[in-house]
Amino acid sequence: MTMKKTNFFVPFFFFGTIFFGVASAGDKNALAASFVFGDSLVDAGNNNYFQTLSRANSPPNGIDFKPSRGNPTGRFTNGRTIADIVGEKLGQPSYAVPYLAPNASGEAILNGVNYASGAGGILNATGSVFGNRLGMDIQVDYFTNTRKQFDKLLGEDKARDYIRKSLFSIVIGSNDFLNNYLVPFVAAQARLTQTPDSFVDDMISHLRNQLKRLYDLDARKFVVGNVAPIGCIPYQKLINQLQDKQCVDLANKLALQYNARLKDLLMVELKDSFKDAHFVHANVYDLFMDLIVNFKNYGFRTASEACCETKGRLAGILPCGPTSSLCTDRSKHVFWDAYHPTEAANLLIADKLLYGDSKFVTPFNVLHLRDL
C-alpha cells in the first residue's frame with residue numbers, strides 16, 4: 001500500500017509547527033532531531049490526511065493540548081503523547097511534524113518528523129479492518145524521502161552527522177495483536193493455521209529488517225518500546241466481559257512472548273551486529289502494568305474505566321468523539337479511551353523512560369542516550 005499526501009478536508013486542521021521554547025537549537029545538550037515511528041500511541045496527526053476509520057480529529061480529543069487551544073490535532077489522547085513529552089524534555093524546540101502535514105518540508109523537518117499512524121503495525125496486513133493506515137514498512141519508506149531532504153538542506157556530510165545524533169523512537173506492535181491476530185471472528189481461521197510462535201517470528205523478522213533499513217540510512221540512536229499489557233485495556237475487558245481487575249490472559253501472553261523475542265533482538269543480535277549503534281529497550285509492558293496495578297499510588301482513581309467513553313461500563317469499541325461522555329477529572333484516569341492512555345499517564349511513563357533505571361529502560365535511560 002502506498003499512501004500519498006492529499007488535500008482531504010479535516011475539521012480543526014492544525015498546520016503550524018508547534019514551538020514550545022524548552023531549549024534553543026544552539027543548546028549543546030539539545031536533541032538534534034526526533035524521528036517517531038509507530039501507531040496511535042504516538043500518532044501526531046498523520047491519519048488526518050487520508051480516508052480511514054482510525055482517526056482522532058474530532059473533539060474532545062486534544063481537549064488539553066495547549067498549542068492547539070484544545071482543538072484536536074489527530075493525537076489519540078486528551079493532550080500530549082509520550083513522544084511529545086520526551087521530545088520536550090530532551091530539548092527539542094518544537095514537536096516532530098507529521099510527515100503528511102502540508103508544512104513537513106524545509107527547515108520545519110530539522111526538529112524531526114513523526115511517521116506514526118493509528119492502526120499501523122509491524123506487519124503490512126495489520127489494521128486492514130480500519131482501511132488506510134501507514135504500516136512500519138511505509139513509515140520507513142517515508143523516512144527515506146526525509147533523509148534525501150536532509151542532504152539537500154545540510155549537505156551530505158552534515159546531514160549524516162545530524163541524523164546520527166538524532167533520536168529514533170519506535171512504538172509499535174500492539175496492533176499486530178489487537179487488530180490482526182486477535183481480531184474477533186476475522187482472524188479466527190488464521191489462528192488455526194498460524195501458531196503464536198510463527199506469528200511472533202513474522203513480527204520479529206519484519207522489525208529486524210525495518211531497523212536495519214533505518215540503520216543503513218544513518219540512524220544510530222534507537223529507543224524501541226515493547227508491547228504493553230494489551231489484555232488489560234478497556235477494549236479487551238469489554239469484549240471479553242471481564243471485571244475491573246481482570247485482564248485477558250491470551251493477549252498478555254502473546255505480548256510477553258513477543259517482548260522476550262524483541263529484547264533478544266535489540267540487546268543481543270543487533271547490538272552485536274551494529275557496533276556503532278545504541279539500542280535502548282523500553283519496557284512499556286512493565287511500565288503500564290505498574291500503573292494499572294498501583295494506580296492509586298500514582299493519584300489515579302481508576303485504571304479500568306476510560307475517561308472518554310461512547311458506550312459500555314468500561315468504554316466501548318467506538319472511538320472517542322463528539323457524542324462520547326467525558327469524565328469530570330481527566331487527571332484521575334489512566335485511560336483516555338478504550339485503547340490509549342491520558343496525558344497524565346503519558347507524563348509518568350515518559351519520565352520513567354527519560355530518567356528511570358534498568359527496571360524500565362536498558363541498558364540506560366533515554367536522557368543518557370541523547371548525550372552519547
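A search of the whole structure identified six cavities of 30 Å³ or more, a cavity being a set of points, on a 1 Å grid over the protein atoms alone, where a 1.4 Å probe fits but cannot get out. The structure is a predicted model, in which local features need pLDDT of at least 70 and side-chain atom pairs count only at pLDDT 80 or more, while totals for chains, interfaces and linings use all residues. Residues are numbered from 1 along each chain as its sequence is written, and side-chain values use heavy atoms, with hydrogens and water left out.

The largest cavity has a volume of about 200 Å³, volume being the space filled by probe spheres set on grid points joined across faces, edges and corners. It is lined by 17 residues, of which Ile82, Ser169, Val171, Val223 and Leu353 are the closest to its centre; lining residues have an atom within 4 Å of a point. Strand β4 (167-171) is one of the elements that supply at least two residues of this lining, and β4 gives the most, with four. Helices (H or I, at least four residues) and strands (E, at least two) are DSSP runs numbered from the N terminus. The lining of the largest cavity comprises 14 nonpolar, three polar and no charged residues.

The largest pocket, in turn, holds about 610 Å³ of space; a pocket is an open set with protein on both sides within 12 Å along at least five of seven lines. Phe130, Asn175, Asn179, Tyr339 and His340 are the closest to its centre among the 34 lining residues. Helices α4 (174-181) and α9 (284-293) each supply at least two residues of this lining, with α4 giving the most, four residues.

Buried residues (under 20% relative accessible area, 1.4 Å probe, protein chains only) make up 57% of the 372 residues in the protein. Contacts (heavy atoms within 4.5 Å) of Phe222, not counting residues up to four places away in sequence, include Phe168, Ile170, Leu211 and Leu369.

Terms used: Buried means under 20% relative accessible area, exposed over 50%, partly exposed in between (1.4 Å probe, protein chains only). Ala, Val, Leu, Ile, Met, Phe, Trp, Tyr, Cys and Pro count as nonpolar, Asp, Glu, Lys and Arg as charged, and the others, Gly among them, as polar.
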